[in-house]
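Some labels attached to a protein model rest on a cut-off, and a careful reader may want to see how each label was reached. The questions below take such labels in turn and set the value against the rule.

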Amino acid sequence: MIKFTASYKHYKIDVEDSGTVLVYDNGALRDNTKKAVLEIAEQVGYEIDPGWSTRQAGRKLVDFLNANPQVEGSAAPKQTPTPAPAPAQEPKKSDDIEAKVEGSADEIANAKVRVYGKAQNRTALGIVHAYMIMYPHATLEDLRKAFPNELNPDKGVKENFVYAEDKGTTADWDGYFKAEEELLTMGDGKKVSVVKMWTKPSFERMVSHAKQYGIVIADYEKAPGGAKKGGFYLEYLNGYVPPVPGKKKSLWWLWLLLLLLVGVALFFALRKPQVVEKVVEVEKIVYVDRVEEIEKNFNAAKFIQGKAELSEEAKFVLHDLAQLMAKHPELKLQLVGHTSAEGDAEFNQRLSEARAQAAVDFLVSRGVDVSRLEAIGKGASEPLDPNNLEVNRRTEFIIVE
């Protein structure tokens, strides 16, 4: 449902209840919303802060146009019909998040990450994931110091965080998040489980405590719903860009170095160049599996049907891909967009191209050279399963040999 709207010349801007911004140009929906908002802002002389998200910029531009009807080409805002009285709702359960938990204006102005979630325990999980993004080198000891056990004593929880592989210990208790996507990856490469028993007082302490790290919580009533990955998703605020973590303290590089040394020794001893080829192949395998994993996570994030705008979760996945490409400068990719066969074939073709290009543009904005990327759209021409429309909507990350 449209909550706010404004018009300027041949443009029309709508802001939905969820906060999503839609820009129409001569009645046609623009694929790149942020670019369209910047175009209109430049024409009307309204300055857009580079740190604003697309939703922030679009909403503020709508407010500006509605508050300044004298701007040439703008139209008076349409009156939004008064909604009917809301039906009576059942009392909230104790595990629901209170509506007003986001923080003061100063706290939001200085915040770095906002966590969206629909349940206390999932939102607490999101807070800790946000902390690990901000401090990727943190160990279990660092995490326990950052979020001490005193924050959550209400249900007899002894440890908020335990190593996931600690069998025969409290890690086996059902009170910890166990799914692979819910686990934390520490700076030393170890996996950690987070407790999922959070009462209202404990959760409120967690929310208040997280603000010192620049982490705030989205208003529960306004949260558009938790994403599939862990039941939460994150939004970067005020121009914040997460740090690029260095190499993890693992031993894989020692094995690779040993393999290289053996290869060099065999090369000089036997003069067989194929040994070097094997070394190159092993080095390539280091990132092939990772690209496949990132592709899977990106498709799980999904696009809104009929649109090409990246979600915050999709951006989060592409941020990992940008880091991988920074570590492997030889890696080149084709990003190939596919749609289902529903609707107009020509529209599906344009949509697949726009989605692939949106991913390429984001990677370029994160420092990946455009010469290493290619956006391709194939519409609905190559379905994986004619009977499964959901499977056919995908973006493939193809390594260019």
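**Cavities, pocket and contacts**

About 70 Å³ of space lies in the largest cavity of this predicted model.

Q: What makes the space lined by V21, L22, L29 and other residues a cavity?
A: A cavity is a set of points where a 1.4 Å probe fits but cannot get out. The largest cavity is lined by V21, L22, L29, R30, D31, T33, G306, K307, A308 and E309, and the search of the whole structure finds 2 cavities of 30 Å³ or more.

Q: How do the residues of the lining of the largest cavity divide into nonpolar, polar and charged?
A: The lining holds 4 nonpolar, 2 polar and 4 charged residues. Asp, Glu, Lys and Arg count as charged, and R30, D31, K307 and E309 are among the lining residues, so these four fall in the charged class.

Q: What is known of the second largest pocket, and which residues lie nearest its centre?
A: The second largest pocket has a volume of about 1,500 Å³, and of the 44 residues that line it, E309, L310, S311, E312 and K315 lie nearest its centre. Two or more lining residues come from each of α1 (33-44), α2 (54-67), β11 (232-236), α8 (274-301), α9 (312-327) and α10 (345-365), with the largest share, 6 residues, supplied by α10. By class, the lining of this pocket has 19 nonpolar, 12 polar and 13 charged residues.

Q: Why is the contact of K12 with D14 called a salt bridge?
A: A salt bridge requires a side-chain nitrogen of Lys or Arg within 4 Å of a carboxyl oxygen of Asp or Glu. The closest N and O atoms of K12 and D14 are 2.7 Å apart, so the pair meets the cut-off and belongs among the 17 salt bridges that the structure holds.

Q: Are the two partners, K12 and D14, buried or partly exposed?
A: Buried means under 20% relative accessible area, and exposed means over 50%. D14, with a relative accessible area of 4%, is therefore buried, whereas K12, at 25%, is partly exposed.

Q: How do you know that R290 forms a salt bridge with E293, and how are the two placed in helix α8?
A: The closest N and O atoms of R290 and E293 are 3.0 Å apart, and the cut-off is 4 Å, so the pair counts as a salt bridge. The two residues are 3 apart in helix α8, which means that they are separated by about one helical turn. R290 has a relative accessibility of 27% and counts as partly exposed, and E293, at 41%, also counts as partly exposed.

Q: What makes D320 a salt-bridge partner of R290?
A: The closest N and O atoms of D320 and R290 are 3.7 Å apart, which lies within the 4 Å limit. Because D320 lies in helix α9 and R290 in helix α8, the pair ties together parts that are 30 residues apart in sequence. D320 itself is partly exposed, with a relative accessibility of 24%.

Q: What makes the phi of K9 worth a remark?
A: Most residues other than glycine have a negative phi. K9 has a phi near 50 degrees, a positive value in a residue other than glycine. K9 is placed in the loop between β1 (2-8) and β2 (11-16), and its relative accessible area of 52% is over the 50% limit, so K9 is exposed.

Q: Why is N26 called exposed, and where does it lie?
A: At 64% relative accessibility N26 is over the 50% limit and therefore counts as exposed. N26 lies in the loop between β3 (21-25) and β4 (28-29), and it has a positive phi of about 55 degrees although it is not a glycine.

Notes:
Residues are numbered from 1 along each chain as its sequence is written. This is a predicted model: local features need pLDDT of at least 70, side-chain atom pairs count only at pLDDT 80 or more; totals for chains, interfaces and linings use all residues. Side-chain values use heavy atoms; hydrogens and water are left out. On a 1 Å grid over the protein atoms alone, a cavity is a set of points where a 1.4 Å probe fits but cannot get out, and a pocket is an open set with protein on both sides within 12 Å along at least five of seven lines; lining residues have an atom within 4 Å of a point. Grid points are joined across faces, edges and corners, and a volume is the space filled by probe spheres set on the points. Helices (H or I, at least four residues) and strands (E, at least two) are DSSP runs, numbered from the N terminus. Buried means under 20% relative accessible area, exposed over 50%, partly exposed in between (1.4 Å probe, protein chains only).
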